[in-house]
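Hi everyone, thanks for coming. Have the sequence and the model open while I talk, and we'll walk through them together.

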Amino acid sequence: MERSLDRRMDSTERIGVVGSPSSTSELTLDILASAVARKLVGEFALFRFQQDGKPHYALGQIVEVRLRNVWHEDPTVRSLIRQRGRIDAISERQDVHHGEMTVSAVFCRDGDRYRPSILGTVPATGTSVHIVDDSILEELLAPYQSQLFYLGRVYGSTPKLPLWFKHFGSGPDGAGEAYHLGIFGKTGSGKSVLAKMILLAYARYPEMALLVLDPQGEFAKDLRGEPTGDFRLPMREVLKHLGKPVQVVNVRDLVLDEWSLFQKILEASRFFRELQVFTADKIATASEVLIDAIKEKGINLSDLYRREKFKECWDLLNSPRVRNRIYAREGEAAERFANAIRTANSDRLYSTIWEPIANLFRQDRPGAQHINRLLLQLLNPQGRRHLVVIDLSWEYARDRRTAGVSKRSDRRFERGLEKNLLLPLEHQDSEQRSPDERLSEEQEQEPALLWNETIQALVIQRILKGILWAAEEAYSENRSLNALILMDEAHRLAPREEPENPEKKAIRDQLIDAVRTTRKYGVGWMFISQTLSSLHRGIVDQLRIFFFGFGLGMGQEFRALSELVGGRSKALDLYQLFRDPHSAFDPNDREYSFMTTGPVSPLSFAGTPLFFNAFNRVEEFLEANGWSDLKKD
């Protein structure tokens, strides 16, 4: 094996030798004259040396190339150059090119295989440095080929960069613990496509559960067979090939199941304001008193949508006992409240507010998914684990083709949206329509739902609460959940600044608590964000694996990036060379460059940053990972 690797090294291009000064962290390379005209920055290089009497092989990326000509630095020669432009005897001929190489991995030959080692000494000057190609990497990593996954090629070079994404359980393909990952980059930097590739990497493991919280609906579209963008990754076909069960659920199909959620939504609606209750504290009191009375009467939360149950609730609200608990003292406000109840159109309040709220808790509505049941199915340790995408987007919620609403209700839908209510309200103007017309519309429409950002935030809270509950249950049974939860647009749900909306603040607090506690339960998180500095530091500090795309090279973003990379100036200099992918003349030539840190590659033992260009053609990605027989749509 040693001779095989040595033979492969000798057949590759020699670009330089180890020079001076050098250290165990950064090596100076004296570039050979035959290599000075080729691109070297970003290239992966390799050299062999002896350490403790055994052959070692060190790999790393060239992060900088410098030119020096001491004669050109002489003041007299500079004066001549200013007049002549160049001096043939010394210009170019006396140029010396130096490269800086950051060592990311060292292998020691141990018997019939290579094992990880460290650069514990500095090799002698004159040690040959060679360019790495795919054959060398295949030889070094031969025992681990089945575990490797490829997202792209070494930055500015041709070899594929080997990465590994292990599941969070035990065993030869397991990491033994959960990791938190972060993908950061400006809009258009390729971070969403990269996240989909990584999701497929983890989907290879039947024992791993995957959950995607999808605020923009991008992942859901891909899995519905509606891929967007230039890189149309055939996720459905790959997942089918892997035998990974997939389920796409719209957030409006989830059934809420807690009285506290009903109370919060009722308080946020117009219900009590229609009854002349206006102050926040009095609305909270009224909702609490009413719900206590409903529970005392034995009405189930899931039955509140029924008209006859609303009639019982309305009678409770109209009873002196409940009204006196809301307004303990007689006065103008109490009289106004009592008069509003007596004169209110209860049918209209039921149709436009109560029913759309209560339908969120209705378990028999079409397409309904109970949150606990969904999570138990996802996190069930038996059998092949699922990939579940929860579409949080408003676009899908508003699509009447998928929701099955009529043109007439769609107009009411738009009016409701202006009032911050995502309806449709099928019964809003029922008094003006004939019974036959109402029946025909009710048959073609789904139950009315009240929907806005606050309710969406409450649903997300409920999902996170269910995940934490399932994780704690699994931990009490001494088993790992072995699950990854992907969250797109993470900076919106967990911003660094204090959210004004109390429900969004609660989501942020839940996420911060989750990343701190769920790792020991075998639950990892992957956060995707356009910005690094705006994501809460409590989450960023818990991330283990990072991917940084284009767009973080200036201002506050770059300062945050520098802190995470540990002030490695040469690595950051190379990162700042990343080009905006959309600056390419031809869309097919776009380069989606990334810097990655953390235990994500067998070629980076000490967390040294690695640089790669993500595949920009679907066929390349599929072929690199053994899926070349799959055809994209």
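Predicted model: local features only at pLDDT ≥ 70, side-chain atom pairs only at ≥ 80, totals over all residues.

**The pocket, then the rest**

Let me start with the lining of the largest pocket: nine of its residues are nonpolar, 12 are polar and nine are charged.

Residues are numbered from 1 along each chain as its sequence is written, and side-chain values use heavy atoms, with hydrogens and water left out.

Back to the pocket, which has a volume of about 660 Å³. Of its 30 lining residues, V193, G229, D230, F231 and Y592 are the closest to the centre. Two elements give two or more residues to the lining, α4 (191-203) and α25 (618-624), and α4 has the largest share, with five. A pocket here is an open set of points on a 1 Å grid over the protein atoms alone, where a 1.4 Å probe fits, with protein on both sides within 12 Å along at least five of seven lines; lining residues have an atom within 4 Å of a point. Points are joined across faces, edges and corners, and the volume is the space filled by probe spheres set on them.

Now zoom out. The protein chain has 25 helices and 20 strands, and these are DSSP runs numbered from the N terminus (helices H or I, at least four residues; strands E, at least two). How many of the 633 residues are buried? It's 54%, with buried meaning under 20% relative accessible area, exposed over 50% and partly exposed in between (1.4 Å probe, protein chains only).

So what's packed inside? The largest nonpolar core holds 106 residues, and F271, L317, W354 and W525 touch the most other members. Helix α19 (residues 453-476) gives the most to this core, 12 residues. By nonpolar core I mean buried Ala, Val, Leu, Ile, Met, Phe, Trp, Tyr and Cys residues joined through side-chain atoms within 4.5 Å. Click on L317: leaving aside neighbours within four places in sequence, its contacts include F271, F272, L275 and R323, contact being heavy atoms within 4.5 Å. There's also a second, separate core of 72 residues, with L163, Y179, F594 and L610 among them. In soluble globular proteins, nonpolar side chains tend to be buried together.

Most residues other than glycine have a negative phi, and most peptide bonds are trans. Now look at the peptide bond from S20 to P21: it's cis, with omega near 0°. P21 is in the loop between β1 (14-18) and β2 (26-31).

Two residues other than glycine have positive phi: N478, near 60°, and E489, near 50°. Which of them is buried, and which exposed? N478, in the loop between α19 and β16 (483-487), counts as exposed because its relative accessible area is 74%. E489 sits in the loop between β16 and α20 (490-493), and counts as buried because its relative accessibility is 4%.

That's my tour; over to you.

Key: Nonpolar A, V, L, I, M, F, W, Y, C, P; charged D, E, K, R; others polar.
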